[in-house]
Structures are given as C-alpha cells and as structure tokens.
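Please view the sequence and the structure below before turning to the notes.

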Amino acid sequence: MKHLTGIDALSDADVRQILTRTLAMDAALDAGNPPDGPLKDQLLFNLFYENSTRTSLSFAVAGMRMGAHVVTVPVAASSVHKGESVRDTVLTLCAQGADFMVLRAGGAGTIEAARRAIEEHGFQTAIINAGEGAFGHPTQALLDAATILKSAGRTPEEGLDGLTITIVGDLVHSRVASSCAPLFARLGANVRYCGPQDMLPEDPPSGVVTMTTNREAALEGADIVMALRIQLERLSADTSVDPVAYRADYGLTTDSLKAAKPGALVMHPGPMNRGVEIDGDIADDQAHSLILKQVAMGVPTRMALLEFAAT
Ligand code: NCD
C-alpha cells in the first residue's frame, strides 16, 4: 500500500501515472465501462473532521465504483466527543481492517502523524490526505490538473506547459491553492496569486511566479482563472469581510474577466458563494466554466488514486 500525504511526496513519474490513469478511468466511466471491481472486498473509511460535500462523496463513489466497501465515519456522533484523538480513532479503524483511510483534518501535520502511527503499528492501511487545514489538498490539485488536461485536449506528458493560471481569493487559508500551485508549476504552468493583502501568504508555495493585490494585472493574459471562497471559518473572529466590496475588487464577473485572455476558462473547487467571489452567470457559463467538470473529474481521479495506493 502507498500513502498520499501531499503533492511533494509524489514523484514526477507518480504524477504522470496518476493523471494517465485518471483520464483512462474518466473515459471508461464515460463509455459506461468502469473497471470490474479491482478493489472487491477492500475496506475504505472516510474520516472527515471538517465539512465536505464533493470530496467525501466522490471518494465514496470512487470506492464503490472500484468494488470496495465504503464506510463514512459519523464523526459528529463518534467518540471524538468523548475526547478521543485523531490518532486513536485512525488506529481504531485500522484495527477494524481498513485498507484505505481517507482523512480530512484541521491541524498541520495531522496526516503525517497518522501515517507514522499506522506504520509504527504495522497496519497495511493506505492513508490519503483529503484536505488538511489550510495546508494541502493533493487530490483536489490532481483532479484540477486532470480537468485542465482534458479540456485542453492534452496528455499528462504535454502537461500544462505555457498556460497561465491565476488563482484569485483567500490564498493564505487555501489548502487547494497550496497544493495546486506547486503541482501546476511542476506540469509547466505559470501560476499567479491574487487577493487582498491580508489574504496573500507571506511565503507563497513553490511555483507561484507573481503575487498581487491587483485583479486586472493578475488576470491579464490568463488562460485559466480559479476563484476561491473566503475561508470565513479560518478568519479570526474580529475580521469582517464586506461581500459587496470583495466582489468589486476580487469577484469574477463578466466585466472583470475581460482582463483575461478571450475565452479564458474559469474554475472553482466549490463550495461557491455566488455573487461574492464569482457571479452566477460566470459559474453557469457552460462554454467557459469548468466547475462541474471539476466535480465530475473528482470520481475518476479518486479511482486512480485508490488504484495507485493499492499497488
Ligand atoms: C474545498 C476544501 O474543502 O478544501 N473544497 C473541496 O474540497 N472541493 C474548498 C473550500 O472549502 O473552500
């Protein structure tokens, strides 16, 4: 079994293999011809300490498509409220025979600590990072890269060479951006960060070539623009955000997107706050919005990742 703790833990060959298998799984699903139960009788636990719709459900769907048994841990009704640590809960599920542990947790280093605990106890469970606080969300970055490749008609070998991808929003709190920026850059893209000063990181992840508070400058010539939600749950209680002012300065609107390349594609990892970081007509513009394509790509990406972890 292999773990997936972060983008940096994957070699270039791993990334190519996962993306190649993702696109193959996607084509197989489209053709109504999913793989025939390669993970039959394997046990997948979804253990999410932070809310999720797309990620947890797509891991569940991916596991079922691969023939695995999927158990979604009811965290709110579990022994967490009796004081049990993440580490002890992970070990408990491993002792019940988990083959895959899909873990979303808030604290920095939680995923890595869970991996160490699994190995120290000699369990053969693969741990998969399904989002760690503000620090990383590697499976989201992989599905985003696969979505871009598919829509550009490129192979994983061709990668994202020459594409300019601007990520706009609350970058300092975004685990999605923390994983997307280094992955997109490894695949050859130019990655730009744009947001209000207090939402830009002091120390951006590798791969970010420019960082600016100026939306027009950040969008100029961009092939792809990704909007991010303001992570209100991670802002300190005394910080307030005026959604109207935010939209005026950082929202993706028909007007603001004029600065990007004509025909630029729009992405958003969800959940969206329409009328704040992205206007509804931009999100629903089927010719240019990749948002539901990202959601759809979540399933084959997680199928490919389960296959990768199982080998
Ligand atoms: C995001 C997440 O939870 O990291 N969504 C996702 O996984 N698709 C983004 C967010 O919460 O804003």
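**Briefing: a buried arginine and an open sheet**

R215 is placed in helix α7 (residues 215-219); helices (H or I, at least four residues) and strands (E, at least two) are DSSP runs, numbered from the N terminus. The model is predicted, so that local features need pLDDT of at least 70 and side-chain atom pairs count only at pLDDT 80 or more, while totals for chains, interfaces and linings use all residues. Residues are numbered from 1 along each chain as its sequence is written, and side-chain values use heavy atoms, with hydrogens and water left out.

- R215 counts as buried because its relative accessibility is 10%, where buried means under 20% relative accessible area, exposed over 50% and partly exposed in between (1.4 Å probe, protein chains only).
- Beyond its neighbours within four places in sequence, R215 is in contact (heavy atoms within 4.5 Å) with C194, R247, A248, D249, Y250, G251 and S256.
- A polar atom of the R215 side chain lies 3.3 Å from the backbone oxygen of R247.

**The sheet**

- Four strands form an open sheet in the order β2-β1-β3-β4, with parallel pairing; two strands pair if DSSP finds at least two bridges between them.
- β2 (69-72) and β4 (126-132) each have a single partner strand and stand at the edges, so one side of each lacks a neighbour in the sheet.
- From one strand to the next, the twist averages 15°; axes are lines fitted to C-alpha atoms, for helices over the stretch in contact, and angles run from 0 to 180 degrees between N-to-C directions.
- Strands β1 (residues 43-48) and β3 (residues 100-105) run parallel and are joined by 5 bridges.
- Helix α3 (residues 86-95) lies across β1 and β3, at about 165° to β3.

Notes:
A polar contact is a pair of N or O atoms within 3.5 Å; within protein, one must be able to donate a hydrogen and the other to accept it, and residues adjacent in sequence count only if both atoms are side-chain atoms.
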